[in-house]
Amino acid sequence: MPRSLTRILKSVFFRLGVYDLIRRAFPSPYPAILRFHSVSGPDRIAYASAGISLPPEAFERMIRYLSRRYRIAGMDQVEEYLQSGKALPPDTLVLTFDDGYRDNLPAARTLARHGWHATFYLTVGCLSGAAPLWLAEVRRHLLLTARDPVRLEWGGETRRHSLGTPRERELAIAAVTRWIKSLTVAERERFLGVLAREAPIEPDRPAADEVMLSWDDVRAMAYDGMSFGGHTDTHCNLVHATEDEARQELARCWQVLERELGRAPRHFAYPNGGADGYYDERAKTLVRAAGFVTAVTSRSGRVQPESDPMALPRTGVTPSLADLVHELEWGKLGPARGPALGSARSARDV
C-alpha cells in the first residue's frame with residue numbers, strides 16, 4: 001500500500017476513534033515500552049536529527065492523549081513483572097528516553113504535570129559538559145564546515161561527501177555516523193580527529209551550546225519522580241568495542257550513576273540502535289555482569305512474560321500521534337483480525 005494512502009488511513013482511523021474502539025475491545029495484557037530521544041524545536045538541528053526529535057508541542061499533545069487512555073509503569077515494575085509473572089494492568093506503557101539531552105528537562109516537567117514519569121538512560125561521560133557527545137560533534141562539523149566536498153580517509157578507504165545543500169549535509173551526517181558506529185572506541189576517537197581536520201569549523205562560527213543535561217538537572221528530574229538508567233559512558237557500540245573497552249564503558253556508567261544519584265542503577269539501554277549490530281550475546285553478558293538487571297533495545301514489540309530481560313523490545317516514537325497509536329492498537333490485532341496498514345517509521349536511534 002502506498003505510504004501516502006497508509007498515512008491518510010491512519011489519520012482517518014485516529015480521528016474517527018477506531019483505535020479507541022480497538023483499545024476498549026482488545027486491551028493488551030503486555031506492556032509497551034516507548035522510546036524517545038530529543039524533545040526540541042528547530043534549534044535541535046545542531047545536535048539531533050529530525051528522526052529522533054519531537055517538537056515540544058507534539059510531545060505535550062501526545063502525553064495529554066496517552067495519559068487519558070493508558071496506564072503508566074516504570075522499569076522496576078517491568079522487572080517485577082518478568083520475575084514474578086504477575087500481570088501489569090491492561091494497556092500499560094513505560095516511557096523511556098535515550099542519551100540525556102538537556103531538552104529532556106522540560107520534557108520531564110511536562111510528564112510531571114500530567115502525573116506521569118519516565119526512565120532516562122544517560123550517557124554519563126557527556127553530562128555536565130564533561131565531554132561532547134560524539135554524535136553531536138559529527139553533526140556540528142558537517143553542518144558548519146565551509147568545505148565542500150569533504151573527503152575522509154580511514155583504513156585505506158576514502159569517502160567523498162558533498163555538502164552543497166542541507167539534504168546533502170544530512171545524508172553525509174547519516175553516512176559518517178554509520179561508519180563511526182562500526183569502530184572500536186579508540187578508533188572512533190582517532191576518526192573524530194580526522195573529521196575535525198577535514199571538516200574544520202570556521203573561527204567565526206558560534207560556539208557549541210550545552211547539549212546534555214547537568215547532574216543538577218538530573219537530580220531535579222528525580223525530585224519530580226523520574227528514574228534513570230545507563231547508556232554507557234561515551235555512547236559506544238558494545239558490539240564493535242573491544243571487550244576491555246566495553247567493560248570500562250559499562251563499569252564507569254554504573255559507578256557514575258551510583259555516585260551522582262546515591263543509589264545503584266538497575267536498568268540499561270543499548271546505544272547505537274541504528275547500527276548494523278548494537279547488541280549481541282557478549283554485550284548482554286557484559287551488561288549483566290556490570291550490575292544491570294534489565295536492558296532495552298530498539299527492536300519493536302511488547303514485553304511478554306517470556307521476554308529476555310537483557311533484550312527487551314521498545315516502540316519507537318515519531319511526531320505523529322496517529323502513527324504511535326496505530327503501532328499500539330492496530331498491531332495487537334494480528335493478521336487474523338485486520339489487514340496490515342504498515343508500520344510507523346520508527347525514529348532512527350542514536
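In the predicted model, leucine 66 touches Leu34, Leu93, Trp116, Leu324 and Leu328, when residues up to four places away in sequence are not counted. Leu66 is also, together with Leu111, Phe120 and Leu122, one of the residues that touch the most other members of the largest nonpolar core, which comprises 84 residues. Helix 10, spanning residues 243-261, contributes the largest share of this core, namely six residues. Apart from it lies another core, of 13 residues, which includes Met75, Leu82, Tyr121 and Val303.

A search of the whole structure for salt bridges returns 20. In one of these, the side chains of glutamate 198 and arginine 147 meet with an N to O distance of 3.7 Å. Because glutamate 198 belongs to helix 8 (residues 185-198), whereas arginine 147 is found in the loop between helix 6 (134-144) and strand 7 (150-154), this pair ties together parts that are 51 residues apart in sequence. Glutamate 198 is partly exposed, at a relative accessible area of 23%, and arginine 147 is likewise partly exposed, at 38%.

Other pairs lie within single helices. Aspartate 216 and arginine 219, whose closest N and O atoms are 3.3 Å apart, are both located in helix 9 (residues 215-223), three residues apart, or about one turn of the helix. Here aspartate 216 is exposed, with 58% relative accessibility, while arginine 219 is partly exposed, with 35%. Arginine 247 and glutamate 243 form a salt bridge at 2.8 Å between the closest N and O atoms; being four residues apart in helix 10, they are separated by about one helical turn.

How values were computed. Residues are numbered from 1 along each chain as its sequence is written. This is a predicted model: local features need pLDDT of at least 70, side-chain atom pairs count only at pLDDT 80 or more; totals for chains, interfaces and linings use all residues. Side-chain values use heavy atoms; hydrogens and water are left out. A nonpolar core is a set of buried Ala, Val, Leu, Ile, Met, Phe, Trp, Tyr and Cys residues joined through side-chain atoms within 4.5 Å. Buried means under 20% relative accessible area, exposed over 50%, partly exposed in between (1.4 Å probe, protein chains only). Helices (H or I, at least four residues) and strands (E, at least two) are DSSP runs, numbered from the N terminus. Contact means heavy atoms within 4.5 Å. A salt bridge is a side-chain nitrogen of Lys or Arg within 4 Å of a carboxyl oxygen of Asp or Glu.
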